[in-house]
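Please find below some comments on the model under review.

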Amino acid sequence: MKAAIMGYGTIGSGVAKVLEENAAVISRRAGEPIELKWVLDLRDFSGDPIQPKIVHDYKKIVYDPEVKLVVETMGGVEPAYTFVKAMLTHGKHVATSNKALVAAKGAELIQIAADNHVNFMFEASVGGGIPIIRPILKCVTGDVLEKVYGIVNGTTNYMLTKMAADGADYSSVLKEAQDLGYAEKDPTADVEGFDAARKIAILTSLVAGRQVDYEDIPTEGISHVTPEDMKYAEAGGKKIKLIATMDASGDSYFVRVAPFVVSPESPLFAVDDVMNAIMIHGNMLGDAMFYGSGAGSLPTASAVVGDLVEECRHVMRHVDFDWDPVKLPLKDPADQAYRFFIRAARSKEDISAAFGTVSFIENVIDGEVGFVTEMISERDFEEKKKDFGDVISAIRVLD
Ligand code: HSE
């Protein structure tokens, strides 16, 4: 079985390494060896062992009838979409790690794959090396999934962990995460939560069987989380984590990405550094947690190669995914209720008058008070916050 890789960056080069180092087991499981024939990249890689396989025109792969498997690890929607579509329509199976592509065009590419009797697989697009897409699609199929939530961005989890542990500043930890190959090319997608939003959009689409657009998901990143917020979390024995959540009730779905205060009782409390974890709650299953390496070259490449093996096993048959391109309307996020952790430079009396019963966290930072509200809807919280006027910061609590 001949394969090609489109995009020889962090993940693409990882895929080549996995194919080479694990060739024997991959061959046994796939039923035949998978041999890398071409690598599409703009660069030449002169002097690199990969150089003889480098091509600059994707049509060289499209029109090579020997190539049956194509890996897309370029990132971004275009030109990845054009290239992937061409591969599928020319009868090639595709495996991708590209969540931007999957979130935007997943349903359509699955349909194109079906029309051409090939497969479009994207296990690596959520949770890096953690198996989560196939378990949702193939294992918990007897359950109604009521909740899917977790830490799905390695870069921000790494950053928040370092900021909490070392008091490290935002820019230096971002640079470390980039150097380790965790971050997106433009790390705004990581730190502002869009990468996590794309991932929870993909998972919700698969749970609901309908298209969820990540642009419809209320999304907050970590760029407004300050060392002072971290001090409060630490004082209370808690952590701040970027959480992506989906709550379903019948056909109604609340989806959100935001930093949350997480208590030690939550299994997500212990998920640090680049690790990711996704919790699912099924009406029969109860809870299950998928934990592992959420970003980086080899973990993500491992998931891509897992898809290649799966495609070899279904080389003559399209494996269907239940993902209708018709858009799923999400519930009004203003109706969702949380407890909020808030910092304010006002008296306890003023705070209680504005927010009702709260629990205070005092003596953490001079000249201000921290407090946690009771459950309150987003709508009510926004109103109270506006009337009160002096909120320094507010972070939802994961309950
Ligand atoms: N930038 C992403 C992350 C890569 O940090 O999680 C893996 O999807």
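1. The structure is a predicted model. The values quoted in the following points are therefore to be read as computed from a prediction.

2. Location of the ligand. Which pocket holds the ligand? The ligand sits in the largest pocket. Its surroundings comprise 13 residues, of which the closest are Lys99, Gly154, Thr155, Glu184 and Lys199. Two helices, α7 (154-166) and α10 (194-208), each contribute at least two residues to the shell around the ligand.

3. A polar backbone atom of Gly154 is 2.7 Å from an oxygen atom of the ligand. For Tyr182, a polar backbone atom lies 2.8 Å from a nitrogen atom of the ligand. Lys199 places a polar side-chain atom 2.7 Å from an oxygen atom of the ligand. On its own, the ligand has 260 Å² of accessible area, and the protein covers 95% of this.

4. Cysteines. How many disulfides does the model contain? With a disulfide taken as a pair of cysteine sulfur atoms within 2.5 Å, the count is zero. Two cysteines may be set side by side here. Cys139 has a relative accessible area of 58% and is therefore exposed, as the threshold for that class is over 50%. Cys312, at 7%, is buried, since buried means under 20%.

5. Ser377. Is Ser377 buried or exposed? Its relative accessible area is 15%, so Ser377 is classed as buried, the limit being under 20%. The residue belongs to strand β17, which spans residues 376-377. A polar atom of the Ser377 side chain lies 3.0 Å from the backbone nitrogen of Asp380.

6. Pro131. Where is Pro131 placed? It is found in the loop that runs between β6 (120-121) and α6 (133-139). With a relative accessible area of 48%, Pro131 counts as partly exposed, because this value falls between the 20% and 50% limits. Pro131 and Ile243 are 112 residues apart along the chain, and their C-alpha atoms are separated by 18 Å.

Definitions and conventions. Residues are numbered from 1 along each chain as its sequence is written. This is a predicted model: local features need pLDDT of at least 70, side-chain atom pairs count only at pLDDT 80 or more; totals for chains, interfaces and linings use all residues. Side-chain values use heavy atoms; hydrogens and water are left out. Buried means under 20% relative accessible area, exposed over 50%, partly exposed in between (1.4 Å probe, protein chains only). A residue is near a molecule or strand if one of its heavy atoms lies within 4 Å of it. A polar contact is a pair of N or O atoms within 3.5 Å; within protein, one must be able to donate a hydrogen and the other to accept it, and residues adjacent in sequence count only if both atoms are side-chain atoms. Accessible areas come from the Shrake-Rupley method with a 1.4 Å probe; for residues, only the protein chains shown count as cover. On a 1 Å grid over the protein atoms alone, a cavity is a set of points where a 1.4 Å probe fits but cannot get out, and a pocket is an open set with protein on both sides within 12 Å along at least five of seven lines; lining residues have an atom within 4 Å of a point. A molecule sits in a cavity or pocket if more than half of its atoms lie within 2 Å of its grid points. Helices (H or I, at least four residues) and strands (E, at least two) are DSSP runs, numbered from the N terminus.
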